[in-house]
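Colleague: I have a model open and would like to learn how to read it. Can we go through it feature by feature?

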Amino acid sequence: MGVKGFVEGGIASVIAGSSTHPLDLIKVRMQLQGESAFNPGSVHAPPPKVGPISVGVKLVQQEGVTALFSGVSATILRQLLYSTTRMGLYDVLKHKWSDPNSASNTMPLTYKITAGLIAGGIGAAVGNPADVAMVRMQADGRLPPSQRRNYKSVVDAITRMTKDEGVTILWRGSSLTVNRAMIVTASQLASYDQFKEMILEKGVMRDGLGTHVTASFAAGFVAAVMSNPVDVIKTRVMNMKVEHGAPPPYSGALDCVLKTVRAEGPMALYKGFVPTISRQGPFTVVLFVTLEQVRNLLKDF
């Protein structure tokens, strides 16, 4: 409990985020499909749908294998700020709100969800600058060469964004980031604890690797379904390029939703769902399996 929960969550999050970064990058590229790279936010006929494998192959062909790890430094910083905070706070609240009189020292599902909402919201506010940098670095390769930002690293990205666009740019889309993080954390962490408890209580499996993998994959699916629409809008708002003297492509999250649905249909909000679940599944499995192992290693500290 306390600092230990933050350390455990941070280590697990960095490992999970780094190992699944290419899938996250493909997801971002797919979420931006249908949005003109030259005039984001314009209403136009949607292009043919392209799957995650095609997106990945095209990305490697055009930008090289190393492009799969574009923005990985921002991912690491984001995990250190956002995920360390949310995992640590959730652990603190879980210990505070668990029923000491119950045999398993668990807490009701509603408490788990509430803890996830609080922890996710605070974590997102802390990590938003890295999130903006990560989205921009991942999406840069799809822009025409003359419009690319060509950030060298997450530090360069944050420094240049602050200098060119002001400090407030680091919290662009923060309302969306906070909403998404609250949904993801509540569904992901609460679901994992709930599925794990159900498996153990019903005696389906013992507390071990099989239980951790099963519960974490189920939690990843729940989180992907709940968060994908918010994630699509967040990606587009954060990535939009505002020209001097011209109105922004989107005036806000609601405007982005309306323009996206009007131009591409309501299912556009689930663009990138296949890579989202392909990434959320492995990410959540790696996250919680690593977390359980780290907990075992640090249990005597």
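Colleague: Which elements have the lowest and the highest mean pLDDT?

Modeller: This is a predicted model, so begin with the predictor's confidence in each residue, pLDDT. Helix H1, residues 3–19, has the highest mean among the elements, at 94. H2 has the lowest, at 86. The protein as a whole averages 87. At least 70 is reached by 92% of the residues.

Colleague: Where does pLDDT stay under 50?

Modeller: Where pLDDT is low, the predicted coordinates should not be read in detail. Here that applies to residues 40–45, where pLDDT stays under 50. The model has 14 contacts for them beyond four places in sequence.

Colleague: Now helix packing. At what angle do H2 and H8 pack?

Modeller: Two packed helices are described by the angle between their axes and the distance between the axes. Helix H2 covers residues 21–31. Its axis is 9 Å from that of H8, and the angle is about 75°. An angle of 65 to 115 degrees counts as roughly perpendicular, so H2 is roughly perpendicular to H8.

Colleague: Which residues make the contact?

Modeller: H2 supplies Lys27, Val28 and Gln31. H8 supplies Asn228, Asp231, Val232, Thr235 and Arg236. By class, the contact of H2 with H8 has 2 nonpolar, 3 polar and 3 charged residues.

Colleague: How do H8 and H9 cross?

Modeller: Use the angle and the distance again. H8 spans residues 209–239 and H9 spans residues 253–264. Their axes come within 10 Å and cross at roughly 110°. That makes H8 roughly perpendicular to H9. Ile233, Arg236 and Val237 of H8 meet Ala253, Cys256, Val257, Thr260 and Glu264 of H9. The classes in the contact of H8 with H9 are 5 nonpolar, 1 polar and 2 charged residues.

Colleague: What does Met226 touch?

Modeller: Leave out residues up to four places away in sequence, and Met226 touches Ile183 and Ser187. Look at Val184 too. Met226 and Val184 are 42 residues apart along the chain, yet their C-alpha atoms are separated by 7.2 Å.

Colleague: Last one. Which residues does the "repeat: Solcar" annotation cover?

Modeller: The unreviewed UniProt entry gives residues 4–96, 107–198 and 207–297. Residues 107–198 are 74% helix and 0% strand, with end C-alpha atoms 13 Å apart. Residues 207–297 are 75% helix and 0% strand, with end C-alpha atoms 16 Å apart.

Terms used
Residues numbered from 1 in each chain as written. Predicted model: local features only at pLDDT ≥ 70, side-chain atom pairs only at ≥ 80, totals over all residues. Heavy atoms only, no water. UniProt positions renumbered as here; feature names shortened; annotations may be inferred. Helix = DSSP H or I, 4+ residues; strand = E, 2+ residues; numbered from the N terminus. Axes fitted to C-alpha atoms, helices over the stretch in contact; angles between N-to-C directions. Parallel < 35°, antiparallel > 145°, perpendicular 65-115°, else oblique. Contact = heavy atoms within 4.5 Å. Nonpolar A, V, L, I, M, F, W, Y, C, P; charged D, E, K, R; others polar. pLDDT = per-residue confidence, 0-100.
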